[in-house]
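Here is a short briefing on aromatic contacts in one protein model.

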Amino acid sequence: MRRAGRMRTAAALLVLATVLGGCAAGGSAHPLEPSAGATPPTVLATRPAPSATAAAPDHVRAYADERLRNLTLRQKVASLFMLHAPGTDPAALRQFVDRYGLGGVILMSDNIPAAPQALAAETAATRASDPGLPALVGIDEEGGDVTRLPWDSGPGAEALRALPPAATQQAFAQRAALLKQAGVTLNFGTVADVTADPHSFIADRILGTDPASAAARVAASVAGERGSVLSTLKHFPGHGETEADSHRTVPTAAIDHARWAAQDAPTFRAGVQAGAEVVMFGHLVYSGVDAAPASLSPAWHRILADEVGFHGVTITDDLRMLQDTGLPQYQDAGANAVAAIAAGNTMVLMIQGAEDPDALIDAVVAAVRDGRIPLAQVDADARALLVLRRSVAVRG
């Protein structure tokens, strides 16, 4: 997702190190373009439905079932989208969520006012129409180089790599507390990518340069956020295998399954075992596994479930990024949304340009009606999100 540069100061690191003093440590080849056959998939015959909802209390699941029975197909599909509306006007944000019946809204830099209280008013507006089932409010609050909240002075990954994992847990706990106070419910904050390559565009955002050190801090970040915000692991299957920036191209690496299992899987597995509720799929190709970007790949969704053991909510990275590559096969935003849901994403995230939200929703509805996406899959995804949203509401 698009980055907002913000360098953390050495003072923030010193403060955290002082606080934690008594805590226990618990090649640059030009990227290949996707092969000519790497067109977005349009049909997924079968895949496991999100099953993390089984852990929800009976009353939450019963509530979700009742709401699902009363939704039209279009309402179900609309609930699978997390979109963006610019500006800081609470009334406009409420109108945006209500008009399209969205399952979530993503806050970007243009949504962030000068004071926490003003942001809390914005997020409260998104809940006002249906407080029992609020839309998810997402944000990229990694700390360090990707910081949306100007009042988040805590250290990011580049600083935390030099400290024990306990420092990561403390930093993310403090960050999650700020988000909760502001009414944000879902943080796209944990970068589970791993690389020792200083030239990688993700290098200053990773929590470790090797699988073991990164896994310990990924798990710690999830533990820190627990109870305050929903945690997201990104960017599956791992952005560290290539220097290329997925905001500009579809990074491609000749990585096979064995290399991925040894180098990239451990951090995601650690985050899943720590209790992360959401996994974000990256727009990147490991050509030894699948020619399609992971975000549009049924194969990678099956691997996440079968080998990493994650059965919760999955979401794309900003789908607009595919269009921004300029590659002709990704210039239809509606087709990208269809491909993303067909591949196995529970939710589609998009920072729209000129795209009309109605057109995006209509494209997926049409795909369900003509059989390219099974209705049962949409029902399962919508229910999983209903359970997640209701759980947020009752947790408070």
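**Charges over rings**

- In this predicted model, the charged end of Arg390 sits over the ring of Tyr63, 3.8 Å from the ring centre.
- Arg175 lies over the face of Phe172, at 5.4 Å from the ring centre.

**Confidence**

- Mean pLDDT for the protein is 88. Residues at 70 or more make up 85%.
- Residues 2-49 have pLDDT below 50. Beyond near neighbours in sequence, this stretch still has 101 contacts in the model.

**Aromatic pairs**

- The count comes to seven aromatic pairs.
- Phe236 and Phe268 pair edge-to-face, with 5.1 Å centre to centre and 90° between the planes.
- Phe236 belongs to strand E5 (residues 230-236) and Phe268 to helix H10 (residues 265-274), so their pair ties together parts 32 residues apart in sequence.
- Both Phe236 and Phe268 are buried.
- Trp260 and Trp300 also form an edge-to-face pair. Their centres are 5.3 Å apart, and the angle between the planes is 70°.
- Trp260 lies in helix H9 (residues 257-263) and Trp300 in helix H11 (residues 298-308), so this pair ties together parts 40 residues apart in sequence.
- Trp260 has 0% relative accessibility and therefore counts as buried. Trp300 is buried as well, with a relative accessible area of 0%.

**Cluster**

- Ring pairs link Phe236, Trp260, Phe268, Phe281, Tyr286 and Trp300 into a cluster.

Note on methods. Residues numbered from 1 in each chain as written. Predicted model: local features only at pLDDT ≥ 70, side-chain atom pairs only at ≥ 80, totals over all residues. Heavy atoms only, no water. pLDDT = per-residue confidence, 0-100. Contact = heavy atoms within 4.5 Å. Phe/Tyr/Trp six-rings, centres within 6.5 Å; stacked < 30°, edge-to-face > 60°. Helix = DSSP H or I, 4+ residues; strand = E, 2+ residues; numbered from the N terminus. Buried < 20%, exposed > 50% of the residue type's maximum accessible area, 1.4 Å probe, protein only. Lys NZ or Arg CZ within 6 Å of the ring centre and 35° of its normal.
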